[in-house]
Amino acid sequence: MESLARGGTRWKRFAVVMVPSVAATAAIGVALSQGALAASFSVSGQQFKVATDRLDGTGFVQYGAIDAQKGGKQVPVAVSGFSNAKIKNLCQSVVVPVPVFGDVSMKLSAGGGDTPVEAKNLYIDLDQLSADATFNNIDIGVAAGSTTKGPGMHKGDKADPGSFAQQADSATLTHVKQTAWATTAGTFKLSGLKMSVAKGKSECY
């Protein structure tokens, strides 16, 4: 980890759990093309991939939690929360295995023009990420239930309020590639939304 002046911290091309990230959600649905939609999703047991050129977020918090899949299986995740986020050139993909027919891929893209994707109170449950990241005024090692710079712990998360967390006034991530289990957002606005469904594997990366 390389510390920068004036409260900034930069990790270059990391691929670990306790790092910030951004994602669209698996199975977002066509309704998002209407502009804004309050979204809340539970873990389906299906991971999805997300890639984006750049995320500029304010009010960042991250902590560990457990997601429960249908059937009872539990998976550890890092929950990354942003009070506000702007995302350039977002791509999200999920591959669903269909018996007899084979794999079916759904790919979604947005924010590729002059208007970025915008999200408020965005939470991402992820387990893998690579990116270049810069944090401003970061605090590492605070209690998850005592964070003040981001949206706080997501209501209903299976997480210990006294466990390890980190927070920052703002964060910038570039060249983001990640896998995630779930995403929730108070508002998710996707400009230039495009979605396709195709047979076989067609992923963002």
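Biologist: What makes Cys91 and Cys204 a disulfide?

Modeller: In this predicted model, the sulfur atoms of Cys91 and Cys204 are 2.1 Å apart. The cut-off for a disulfide is 2.5 Å between cysteine sulfur atoms, so the pair at 2.1 Å qualifies. A search of the whole structure finds one disulfide. The link of Cys91 and Cys204 is left-handed, with -85° about the S-S bond.

Biologist: Why is the pair said to tie together separate parts of the chain?

Modeller: Cys91 belongs to strand E4, while Cys204 lies in the segment after strand E10 (194-199), so the pair joins parts that are 113 residues apart in sequence. Both Cys91 and Cys204 are buried.

Biologist: Let's turn to charges. Why is the contact of Lys49 with Glu203 called a salt bridge?

Modeller: The closest N and O atoms of Lys49 and Glu203 are 3.7 Å apart. A salt bridge needs a Lys or Arg side-chain nitrogen within 4 Å of a carboxyl oxygen of Asp or Glu, so 3.7 Å passes. Lys49 lies in strand E3 and Glu203 in the segment after E10, so this pair ties together parts 154 residues apart in sequence.

Biologist: How do you know whether Lys49 is buried, partly exposed or exposed?

Modeller: Its relative accessible area is 21%. Buried means under 20% and exposed means over 50%, so Lys49 at 21% is partly exposed. Glu203, at 30% relative accessibility, is partly exposed as well.

Biologist: What makes Lys49 count as sitting over the ring of Tyr205?

Modeller: The charged end of Lys49 is 4.8 Å from the centre of that ring. The distance limit is 6 Å, and the charge must also be within 35 degrees of the ring normal. The distance of 4.8 Å meets the limit, and Lys49 is listed as sitting over the ring of Tyr205. Another such case is Lys199, which lies over the face of Phe101 at 4.2 Å from the ring centre.

Biologist: How many salt bridges does the structure hold, and what makes Arg54 and Asp56 one of them?

Modeller: The structure holds four salt bridges. For Arg54 and Asp56, the closest N and O atoms are 2.8 Å apart, and the limit is 4 Å, so the pair counts. Arg54 is partly exposed at 37% relative accessibility, and Asp56 is partly exposed at 31%.

Biologist: Which residues does the salt-bridge network join?

Modeller: Start with Lys149 and Asp139, whose side chains meet in a salt bridge at 3.0 Å, N to O. Lys149 is in the loop between strand E7 (139-143) and E8, and Asp139 is in strand E7, 10 residues apart. Salt bridges that share partners then join Asp139, Lys149 and Asp169 into one network.

Biologist: Now the rings. Why is the pair of Phe60 and Phe82 called tilted?

Modeller: The ring centres of Phe60 and Phe82 are 5.4 Å apart, with 45° between the planes. Pairing needs centres within 6.5 Å; stacked planes are under 30 degrees apart and edge-to-face planes over 60. Phe60 lies in strand E3 and Phe82 in strand E4, so the pair ties together parts 22 residues apart in sequence. Both Phe60 and Phe82 are buried, and ring pairs link Phe60, Phe82 and Phe135 into a cluster.

Biologist: Which residues have the most contacts inside the largest nonpolar core?

Modeller: That core has 30 residues, and those with the most contacts inside it include Phe82, Val117, Phe135 and Leu190. Strands E3, E4, E5, E6 and E8 each supply at least two of its residues, and E6 gives the most, with nine. A second, separate core has 10 residues, among them Tyr63 and Val77.

Biologist: How do you know that Val94 is buried?

Modeller: Val94, which is in strand E4, has a relative accessible area of 6%. The cut-off for buried is under 20%, so Val94 is buried. Residues that Val94 touches include Phe48, Val104 and Met106. Val94 and Met106 are 12 residues apart in sequence and 5.5 Å apart in space, C-alpha to C-alpha.

Terms used. Residues are numbered from 1 along each chain as its sequence is written. This is a predicted model: local features need pLDDT of at least 70, side-chain atom pairs count only at pLDDT 80 or more; totals for chains, interfaces and linings use all residues. Side-chain values use heavy atoms; hydrogens and water are left out. A nonpolar core is a set of buried Ala, Val, Leu, Ile, Met, Phe, Trp, Tyr and Cys residues joined through side-chain atoms within 4.5 Å. Buried means under 20% relative accessible area, exposed over 50%, partly exposed in between (1.4 Å probe, protein chains only). Helices (H or I, at least four residues) and strands (E, at least two) are DSSP runs, numbered from the N terminus. Rings of Phe, Tyr and Trp (its six-membered ring) pair if their centres lie within 6.5 Å; planes under 30 degrees apart count as stacked, over 60 as edge-to-face and the rest as tilted. Contact means heavy atoms within 4.5 Å. Lists of a residue's contacts leave out its neighbours within four places in sequence.
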